[in-house]
Amino acid sequence: MRILALIAVIITGAILIYGTQDMPDWADPQSPASTHVSPRYIEKTLEETATPNAVTSVLADYRGYDTLGETTVIFTAGVCCILILRIRRRHRK
Amino acid sequence: MDNFFLLLGMALFTLVLLCLYRGVFGPGVLNRMAGICAIGTKTLVILLLMGFIYNRVEMFIDISMVYAFLNFVGTITAAKYLEIKGEA
Amino acid sequence: MSLQSPALAVVIPLICAFLTLLFGWWRKGLCYPTTLVALSLSTLASLDTLRVVITTGTIRYHLGNWDPPWGIEYVVDHLNAFVLAIISCITFVVAVYSKKSVEQELPDKIIFFYTIYLLLVTGLLGIIVTGDMFNLYVFLEIASLAAYALIAIGENGAPLASFRYLIMGTIGACFYLLGVGYLYIATGSLNMADLSQLLPGIYHSKVIIVAFIFFLVGIGLKMALFPLHAWLPDAYTYAPSTVSALIAPTMTKVGAYVMIRIFFTVFKPYFSVELIPVTTILSWIAAFAMIAGSIFAIAQSDLKRMLSYSVVAQIGYIALGIGLANRAGLTGAVLHILNEVFTKGCLFSVAGAIVYKMGIRDIYQFRHLYRKMPFTMGAFVMGAFSMIGIPPTLGFFSKLYLILGSIDARQWVFVAVILISSILNVIYFFKVVETAYFEPRDLATKKEKEILKVYPHNGGGREEIAMDEVPLSMLIPILIMGAGILLLGIFSIKIISTVIQFAIPSGI
Amino acid sequence: MFDFIISKYNYWIYIVLMMIGFYGMIGKKNLIKKVIGMNIFQTAIILFFISTAAKRGGTLPIIEHGHGHEMQAIEAASYVNPLPHVLMLTAIVVMVSTLGVALAIVIAIYKRYNTLEEEEILKHKI
Amino acid sequence: MILGFDLILLLFVVICAVAALSVKDLLSAVIILGAYSFFMCLLWAEMGAVDVAFTEASVSAGIGTVLFIAAVSKTQRGSKD
Amino acid sequence: MEVTVLVQATDKAFEILEKARNEARELLYSSAKLTSETKSLAERRQARAFLSGAQQSKLALRNFTIAFFVLFAFWILLSARFDYFHLTLGIICSMLVAYMSHDLLFSNIRLGDVRIKARRFFAAAPWFLGQIFSANLHVAYLALSPKMPVDPQIIRFKTKLESDISWVALANSITLTPGTITVDIREGEFFVHALDRKVAYELSTGQMEDKIAHVLMEADHVYIQDVLDVSRIFGALK
Amino acid sequence: MTRVTDDIIIRAVARILIPFIQLYALYVIMHGHHSPGGGFQGGVIMGASFILYLLTHGLEEAKTRMSEIRAGVFSSFGLLVYSGIGLLCLILGSNYLDYGKLSTVLKVIPAQARSLGILGVEIGVGIAVMAVMFSIFFDISTGGILPEDEEDLGARDG
Amino acid sequence: MSVQHMISIPFILGGLFFFIAATVGLLRFPDFFCRLHATGKGDTMAVLLSLVGLSIYEGFSLTSLKIIFIAVFMFLAQPTSTHAISRAALRCGLQPWTREKG
């Protein structure tokens, strides 16, 4: 079992290393990730949302629906914990 | 001055490595806790140093403060665990 | 308001989930009505969406009014709308069914059960509607967390099964997220439509291939594709019966939908069919799944476990349809999703009803069940027919299309596999039907006498068995599902010509 | 070759971390260890995403002099890419939610079997 | 990004991850995981992701550790691997 | 000079009032005993309310106000923004927190005390800082010297301080000053781990304790409190 | 984990620190626009402050400030704030979560309205996260077993 | 380099010195309680000195006041957490090392 796990891990690692070869260099300002969608967030955040912190404006406005989902996730987690663990003990009297 | 901060940070990191020895190998939980507590204080200073290197200290102070708060909470929790359950 | 209906379909269950908790704190009895209202509204919204899609074509809904690559958008085309409609219908029907069963099995946890129920539905619907890769991940996690918790409150080994499901599900979700990250680093976009335009330029990049592999593995884990199905049987067996009836029809099928979406919309068929031979591999895996799942199912004596292995086999059918990657095959796959949803919902509901009434799960104890619960067993037989593929039911048509697809692809092996798998289906369903209907009345063997001693209410012996049907709130949903299988089968040509034929991704 | 390794070293480390976490998840038998492995695994993925956001010579994605009157043109190249940060905030939340649910399930298992070792639980014959 | 810090922190992170998984005592493992989260937080602050670092400092290092300790206190502390 | 005179004066007052204080304390104990015999929590709560009664309700508003101002100052420190919007937010937030936990921050406070306390604190701060600095040099010496001349032992002593804040101050000061850390407190008894015998001896002279008592007005506080309490209890009993 | 510590020092220090931590949490929520932070982080810190109170002062006393019923109500309420703002935009005739439309109600320019919308959302998230964090810790540290004489969420039958 | 910076440097270096001393103490001292002396005292002073140095470097503003506040907070929290750990150790029954026992 442990050997199997090790093999799975090594295969995953090998695939990842294979994939990393074609990635843009680390911290490259010209990589697609930094040039396609994201510049607008930085350039327009003040103009469109009056919020200097680009992360906040993207989090709560541009991608606000994700944040609603995120909050729902944590709400789900809270209710899940109650559902799994909480037992109502009967009154003894 | 940036280089000074950088060097200072490096020195602190070396110290963190030494504390990490206590944290990882230290016999028993208590020694580990002591080691990791010591890491916490150094990290706080390193965070501020990063702020100075980026020239945006006011952003990093908040992180450093929350770090201090929650390190305290974590330590109290672990101490309470040991108090109740004992070292086993 | 119909412009807003895609958003409303997801948001209404979400808001009602919070309201359920608040109302439940006030009056416990309000939870069930709130759930029903929420789900019926959501169903109406999704049916409205389907109508709009059929009449006017694809809906693009911009959340927060931001243009797509920057904001999140909902894209509802025929495929989406179809799956959305069937999932919301089945969750509504199961919600109606759930009342008595939950009151019996989980009397302490009714409020939280319904809250989580609504959240699960929110997650599922959100996965289906969204047109954004990361948003899909978020809703996938909502649905998964809700499913872990719902499974964990079952009996016996449920927590451990749920824990395994959690570990496997987290690996799957993380692999999916990793795939999203790889696509993001290569293109800089998260929007599905945008990605599908950007990707063809860099199809030969290793990053994209790795991302695709991770999508395959991650979604395969979520939809319990054959070698990755290990978490499924335990989880579905030990879950409370309502939960099995809710999760078994929906979760894995939504996974299958995501797989279709990613294989043929985000990546173009050119990539997933021709550039790397992943669909061929998928169809072979699917063939193994069909055979292996059915064989495992034969070996089981627990009804719910048998049905769980049947889920694995049926996922094989859907994956085969995806793997064939031609028109007939995909039509079969989508139709089989519909079939699976209704059939598995029906069968698991019946299993739950039997547990509710008799407290038994072992199929060798089902003697003369048809006399006690004729309608329920009738629905069961209908589901079994559909699983096997007896002509007027839905299962026949989906299998027919799958076979046509195999013939189109010149893969005669798969034709044989489908037929063999159907025969295996006959074997394990007939075992149940035989025990329930045809077992001679006075031929109780020694072993069965023992069982009858343990379960004296199982009517054994010679005395006449009175009809003792489940309450109407359980029976009606079961009958609706059973009739639905037949009706949808009869109207399947109509469904294909109005919806499914437009749902096939272009380029196939 | 050396250049190739150096230019992407962050990614190598993330792969190593991910393998460690993955091994913890599927190779370890103790349930809490599995949860710890899960935590490491997810953090590794977050590290990957944050690495994609890094930009040479970029500063924090909080616009300087943001509330001042002078509206200078904002250079996107001088700020780090904010989008992966947002995604990872969500992912961290998902991580902690999963952690909470996992721990709750672990406690439920412990209540039932009084042990945390997977093999011993399986001996109970569920 | 600050190159020197980056390399050292990556080293620390790997050390902590290995240690957290290989320690037999679960409480120690949890505490080392807390240190791991702290280093992650530093790493992200150093890469310019202040918000993520903030979240990590508050969530993983704070609440996560507390939750883990609570869970260990409700179950057992020894582990066989 | 002024400080030492004050210390002496307060110590004198302390000695003079010791006797009356003990009597009052006995009375308090007996009344507490009486109330503790009433078992139910509600009755006990009522009794506590009766004992501290009017003063408590009067103090609640004052506590709230003081907490609000302290927290608002903290907000200004954090926020560093002075437009109306943020100031309003600050006022709302401080009021919220003050409402939630004013009884945590200041359980019992007098405005007059605060001024004296602050003055005495600033008078004593250099001494503390010097102590802390020498403590660190001590630790550094111990850690860096090759022989490492440590001879640790645990000593215990009973403190005469009363309020929990002064205990905290004492314990933290002990921890920060040369060669000693507070390990445990059990019923007013401090367990201190000392690095060598010399510091242990120094600690037992009680200089630190006197300083703390002076700064936190423990000596005067005891005096005032006694007078107030005795009169109130006598009044209540009659 | 939920018993009172008999250590007077930890209790006193926690007592002093908790208001400051809470105010800090509120600061983090309100200043998400200008500095790192936001609803989620602030909520977590707020939750941590209640957890600290629970750890040091015990379950009984903590329930006077934050009980599991209040936690449940707050968590729903926070999310209702968020989705309610979204629905408000929808009712005003725009898409879901389009805060720009709030400018018709708030009488400010759309950019400012978006900023205020973000603030409202952050507050909702903060409330929800605070309550949920406390609730999760409560459940895990007690193992979900409530004390005898307490009424559970939903104990009353309809 | 202004005067301000010149003043801040000795403070920071002093902080570094105490950090080094505390770390060496943490590694070298014979038992847990003695190690706590190092972390409890050394780190507190070191943090104080470093933060004061940094706030001097920053100049007089609310930011530097905030830095000072962190130092004050550490002054309250660090001894307390040291106390908590040591108390837990004593309650666990950890015997302090003494020279006689060796």
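In which helix of chain G is G:Leu106 found? G:Leu106 lies in helix 4 (residues 103-106) of chain G, where helices are DSSP runs of H or I with at least four residues, numbered from the N terminus. The model is predicted, so local features need pLDDT of at least 70 and side-chain atom pairs count only at pLDDT 80 or more, while totals for chains, interfaces and linings use all residues. Residues are numbered from 1 along each chain as its sequence is written, chains are lettered from A in the order in which they are written, and side-chain values use heavy atoms, with hydrogens and water left out.

With a relative accessible area of 40%, G:Leu106 is partly exposed, that is, between buried (under 20%) and exposed (over 50%), with a 1.4 Å probe and protein chains only.

Turning to chains A and E, five residues of chain A are in contact with six residues of chain E, contact being heavy atoms within 4.5 Å. About 410 Å² is buried between chain A and chain E, with carbon and sulfur atoms giving 64%; buried area is the accessible area (1.4 Å probe) lost on putting two parts together, summed over both. On the chain A side, A:Arg2, A:Trp26 and A:Val55 lose the most area to chain E, together 78% of what that side buries. Zero salt bridges are found across this interface (a side-chain nitrogen of Lys or Arg within 4 Å of a carboxyl oxygen of Asp or Glu).

In chain B, B:Ser64 belongs to helix 3 (residues 57-85) and is buried at 0% relative accessibility. Leaving aside residues up to four places away in sequence, B:Ser64 touches B:Leu44, B:Leu47, B:Leu48 and H:Ile70.

Technical notes
Helix = DSSP H or I, 4+ residues; strand = E, 2+ residues; numbered from the N terminus.
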